Amino acid sequence: WKKCQTSSCSILVFAVEQNYLSMNALKRIVKGLLFAFSFVVLLVMKMLQPFIRFQLCVIGFHRYGHLALEPEIFLAEREIIKSTNASSKRVISVWSLGPVAKQSNRYLASKWKQELLVFPSWFVSSLHSVGSVFPVLKLNEPKLSITGSMNGLDKTASHVSFTANEIEEGKKGLVKIGVNPDKPYVCLIVRDGGHYKSKGEIESAGYEVLNFDINNFSGVAEALIESGFQVIRMGSGTERPFTGKPEGVIDYALSNNRSEFLDVFIAATCEFAVSTQTGPDAVCMLFRRPVLYVDVTSYIQFFFGSKLATWSPARLQKNGKILNLSEIVNSEIAWFKDPNLFSKNGISQQKSSSNELKELVLSYIRMRGREDGKALSTQLMVSRGFGERGRLQFGEVTACLAPDAEQILGDWVMK
């Protein structure tokens, strides 16, 4: 019996190994056929190049803000170029929105499929691989951006819209979470790192300059409610509870009625948003909804090239001294993309107090729709500091410093 049992196990192990080898062989055959097919496709595209130029566009699909704005900025700038007749050759862009399972918002990806020539990510990846092996066949892969250099968000309308049925569905969704769709509502968008942690992504200590405690925004929510707005706290369902929220605030981030569709619809239809620079505010920008950004630290990822953006800076200190705006925009600090670079360069951050945040929001509400006499001088100062490098990154500086920022935060802002 033992001998029989051992023999059976050996046969089973052998069968599993053979099955594994067969699967590997099949995968290699499929990859080889795909590579050959992609080679032929690229060859045909190359032959058509005198008449039509092809290019590959791969979106940062795993980041909500990039999924929202990279195609939007691309389409906006293409529209601007077409209006100036700057290019006569036809260009066909082949897009990849990434594997469906890894898309940060599948509803938003489905909306982009209606506007772009989208191919399966595995096919686009294969075209890229063949081009890497045979550089002569390699297609151009334009660098996609969430900001752009042509002020596209100011000069064009959104390239995504809702159908009548979607609008009706969105209104029903608002009612379900306790929001009156006929009264103005404001999105409160506060990054705390919970979303990425839930995805298994471990953020380094440097990311704390980008993370905030939602409960420090209770005064902001209170000010908005007192000003007649409904307040919706946005998020992905993994954020800290808003335990200090005033009565009437909808903590949608932790709602059982959250959906990827409603994530987009709320941000797209709000009166405005208050944000700390994180994914959902990019959807507001996509649908041309104004945003008040507080405690801006990552200048390189801010929307300096859009009138939709109003901002207040975080206090950045070096050697015990608070840096003013001029010192920041005239230095490499403004170009730190990796948040770990702040501490590595001896720079610490002090976030605004709850009362300062509240005053910034009240000032923004009072000044909405009015001209700010100091806005132009601040824009010029920022533009000069950034120089040509900034123009290529943001376009013309049109974002406005928050009204009364100097009075609320201190004279260090413009000192």
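This is a predicted model: local features need pLDDT of at least 70, side-chain atom pairs count only at pLDDT 80 or more; totals for chains, interfaces and linings use all residues.
Helix H2 spans residues 64-83, and helix H10 spans residues 279-286. The two pack at an angle of about 25°. Their axes lie 7 Å apart. Angles under 35 degrees count as roughly parallel, so H2 and H10 are roughly parallel to each other. The crossing of H2 past H10 is left-handed. On the H2 side, the contact involves Tyr 64, Gly 65, Ala 68, Leu 69 and Glu 72. These residues meet Gly 279, Pro 280, Ala 282, Val 283, Met 285 and Leu 286 in H10.

H2 also packs with helix H3, which covers residues 106-113. Here the angle is about 15°, and the axes are 10 Å apart. H2 is therefore roughly parallel to H3. H2 passes H3 in a left-handed crossing. From H2, the contact draws on Tyr 64, Leu 67, Ala 68, Pro 71, Glu 72 and Leu 75. From H3 it draws on Leu 108, Ala 109 and Trp 112. Tyr 64, Ala 68 and Glu 72 of H2 are among the residues that meet H10, and they also take part in the contact with H3.

Helix H6 (residues 164-177) and helix H9 form another pair. Their axes come within 10 Å and cross at roughly 95°. Angles of 65 to 115 degrees count as roughly perpendicular, so H6 is roughly perpendicular to H9. H6 contributes Glu 166, Ile 167, Glu 169, Gly 170, Lys 171, Gly 173, Leu 174 and Ile 177 to the contact. H9 contributes Phe 261, Leu 262, Phe 265 and Ile 266.

Salt bridges were searched for across the whole structure, and 15 were found. One of them joins Arg 233 and Asp 251, with the closest N and O atoms 3.0 Å apart. Arg 233 lies in strand E4 (residues 230-233), whereas Asp 251 lies in the loop between E4 and helix H9 (260-269). The pair therefore ties together parts that are 18 residues apart in sequence. Buried means under 20% relative accessible area. Arg 233 has 1%, so Arg 233 is buried. Asp 251 has 14%, so Asp 251 is buried as well.

A second salt bridge links Glu 332 and Arg 389. The closest N and O atoms are 2.7 Å apart. Glu 332 sits in the loop between H11 and helix H12 (340-344), and Arg 389 sits in helix H14 (residues 375-394). The pair links distant parts of the chain, 57 residues apart. Glu 332 is partly exposed, at 44% relative accessibility. Arg 389 is also partly exposed, with a relative accessible area of 42%.

Glu 327 forms a salt bridge with Lys 321, with the closest N and O atoms 2.9 Å apart. Glu 327 is partly exposed, at 32% relative accessible area. Lys 321 is partly exposed too, at 41%. The side chain of Asn 324 reaches the backbone nitrogen of Glu 327 at 2.8 Å.

Asn 324 lies in the loop between strand E9 (321-322) and helix H11 (325-329). Its relative accessible area is 11%, so Asn 324 is buried. Leaving aside residues up to four places away in sequence, Asn 324 touches Trp 412, Val 413 and Lys 415.

Backbone angles were also examined. Most residues other than glycine have a negative phi. Gln 277 has a positive phi, near 70°, although Gln 277 is not glycine. Gln 277 lies in the loop between strand E5 (272-275) and H10. With a relative accessible area of 15%, Gln 277 is buried. Asp 404 also has a positive phi, near 65°. Asp 404 is found in the loop between strand E11 (400-401) and helix H15 (405-409). At 32% relative accessibility, Asp 404 counts as partly exposed.

A last pair concerns separation along the chain and in space. Val 44 lies in helix H1 (residues 2-47). Val 44 is partly exposed, at 41% relative accessibility. Val 44 and Ala 109 are 65 residues apart in sequence. In space, their C-alpha atoms are 29 Å apart.

Conventions. Residues are numbered from 1 along each chain as its sequence is written. Side-chain values use heavy atoms; hydrogens and water are left out. Helices (H or I, at least four residues) and strands (E, at least two) are DSSP runs, numbered from the N terminus. Buried means under 20% relative accessible area, exposed over 50%, partly exposed in between (1.4 Å probe, protein chains only). A polar contact is a pair of N or O atoms within 3.5 Å; within protein, one must be able to donate a hydrogen and the other to accept it, and residues adjacent in sequence count only if both atoms are side-chain atoms. Contact means heavy atoms within 4.5 Å. A salt bridge is a side-chain nitrogen of Lys or Arg within 4 Å of a carboxyl oxygen of Asp or Glu. Axes are lines fitted to C-alpha atoms, for helices over the stretch in contact, and angles run from 0 to 180 degrees between N-to-C directions. Angles under 35 degrees count as roughly parallel, over 145 as roughly antiparallel, 65 to 115 as roughly perpendicular and the rest as oblique. A crossing is left-handed if the near helix is turned anticlockwise from the far one by less than a right angle, and right-handed if clockwise.
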